Amino acid sequence: LAPPGPVSAELAAAGIPTFACGAEDARDFLALARLSQHVRRIKPNLIHATLTHANVAARIVGVVQRVPVIGSTATIETERPWHLSVERATARVDRAHVVNSQAVAEHVISAFGIARRRVHVVPPSLDPFPQRIERAAARAALGIPEHEFVVAWVGRFDPVKRLELLIGCAEILTSIPTRFLLVGDGPHRGRVEQALRLSSAARRVHLLGWHTDVAAVLSAVDAFLFPSLTEGMPNAVLEAMACGLPVVGSDIPVLRELAGDEERLLLVAGDQPAAYAQVLTRLHARPDMRRAGGERAAAWARANLNVETTVQTVLRIYEEVSPRAPRLTK
């Protein structure tokens with residue numbers, strides 16, 4: 001909907017044509033007219049939209065141009081009530097609605113009023129699958145001594161990620177040599193930097209910025225901390241699991257889903273840093289516990305995060321929504 005961005009360039013380089021509506025903000029209704037004209041010009045079999053703004057735009061254009069629409073939701077969002085309102089007002093247009101976890105499926109059924117039969121869970125995958133490098137080399141590249149217990153977090157700097165809780169953990173864990181690595185960027189970064197300037201843990205929390213090869217960082221790490229308030233199906237956690245790290249996360253629906261009966265993740269209820277610090281302290285003291293948890297996580301990731309399964313599931317949904325289109329699945 002906005003002007004072209006980095007992903008547009010990547011798609012074009014791969015031979016995939018793109019079109020950008022050039023919207024200046026969410027109130028730029030002329031972007032809808034441009035999208036409608038483009039859809040009329042290319043005559044697609046269906047429109048597949050992702051996230052609230054695109055879902056609403058696709059539904060409006062789909063009705064006008066008489067093209068079936070598939071909507072998508074990637075996270076359980078509660079902090080923007082107006083998103084829920086516009087989704088609920090327009091979601092009945094969707095012929096299908098794609099989500100990335102059963103937790104998100106239950107959310108859109110209850111919050112958007114979408115019929116259960118129209119909600120499809122597409123299993124997650126990682127492509128390419130993360131490849132760990134040798135631990136000593138990874139630590140040397142980051143300047144981390146062997147004796148430190150290293151905890152990582154990866155993601156978008158946003159209030160919903162509760163990074164203040166992570167800083168609180170760093171302030172508590174003073175009895176063991178601990179280093180926290182925060183990988184990523186986002187609108188909340190300035191607030192995180194301000195919190196660190198006022199924190200006793202400033203020297204133990206390192207902001208690494210954006211990394212294209214997250215596995216190279218995770219290869220140097222002992223545990224992964226993820227205290228989010230809400231999530232959909234977090235790629236950061238999937239990458240940590242694929243890299244064989246024990247994951248300490250908040251007790252929210254999607255992380256319970258990933259933990260399963262095998263306790264592939266260590267979940268912590270509430271919002272007190274001390275509770276998370278207690279689990280991290282136990283992991284530091286128990287290398288066998290770290291190893292076993294990481295092995296369970298990695299085994300699940302290898303068995304389940306298959307890109308072919310993801311693609312074939314999406315294509316089956318396309319065939320169901322647009323049965324007159326050419327057969328897409330194998």
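**Exercise 1. Is Glu263 buried or exposed, judged by relative accessibility?**

Before we start, a word on the model: it is predicted, so local features need pLDDT of at least 70 and side-chain atom pairs count only at pLDDT 80 or more, while totals for chains, interfaces and linings use all residues. Residues are numbered from 1 along each chain as its sequence is written, and side-chain values use heavy atoms, with hydrogens and water left out.

*Solution.* Start with the cut-offs: buried means under 20% relative accessible area, exposed over 50%, and partly exposed in between (1.4 Å probe, protein chains only). Glu263 has 52% relative accessibility, so it counts as exposed. Next, locate the residue: Glu263 sits in the loop between α11 (253-259) and β10. Helices here (H or I, at least four residues) and strands (E, at least two) are DSSP runs, numbered from the N terminus. Finally, check the backbone: phi of Glu263 is near 50°, a positive value in a residue other than glycine. Most residues other than glycine have a negative phi.

**Exercise 2. Find the residues that Gln65 contacts beyond its sequence neighbours.**

*Solution.* Then look for contacts, meaning heavy atoms within 4.5 Å. Setting aside neighbours within four places in sequence, Gln65 touches Ser36, Val39 and Arg40.

**Exercise 3. Describe how α3 packs against α4.**

*Solution.* Take the geometry first: α3 and helix α4 (residues 81-90) pack at an angle of about 25°, with axes 10 Å apart. Axes are lines fitted to C-alpha atoms, for helices over the stretch in contact, and angles run from 0 to 180 degrees between N-to-C directions. That angle makes α3 roughly parallel to α4, a term for angles under 35 degrees. Now the residues: Thr52, His53, Asn55, Val56 and Arg59 in α3 meet Trp82, His83, Val86, Glu87 and Thr90 in α4.

**Exercise 4. Work out the strand order of the open sheet.**

*Solution.* Read across the six strands: β7-β6-β5-β8-β9-β10, with parallel pairing. Two strands pair if DSSP finds at least two bridges between them. The edges are β7 (205-209) and β10 (266-268), each pairing on one side only. Zoom in on one pair: four bridges join β6 (residues 178-185) to β7, and Leu182 stands opposite Leu207 in β7.

Definitions and conventions
Parallel < 35°, antiparallel > 145°, perpendicular 65-115°, else oblique.
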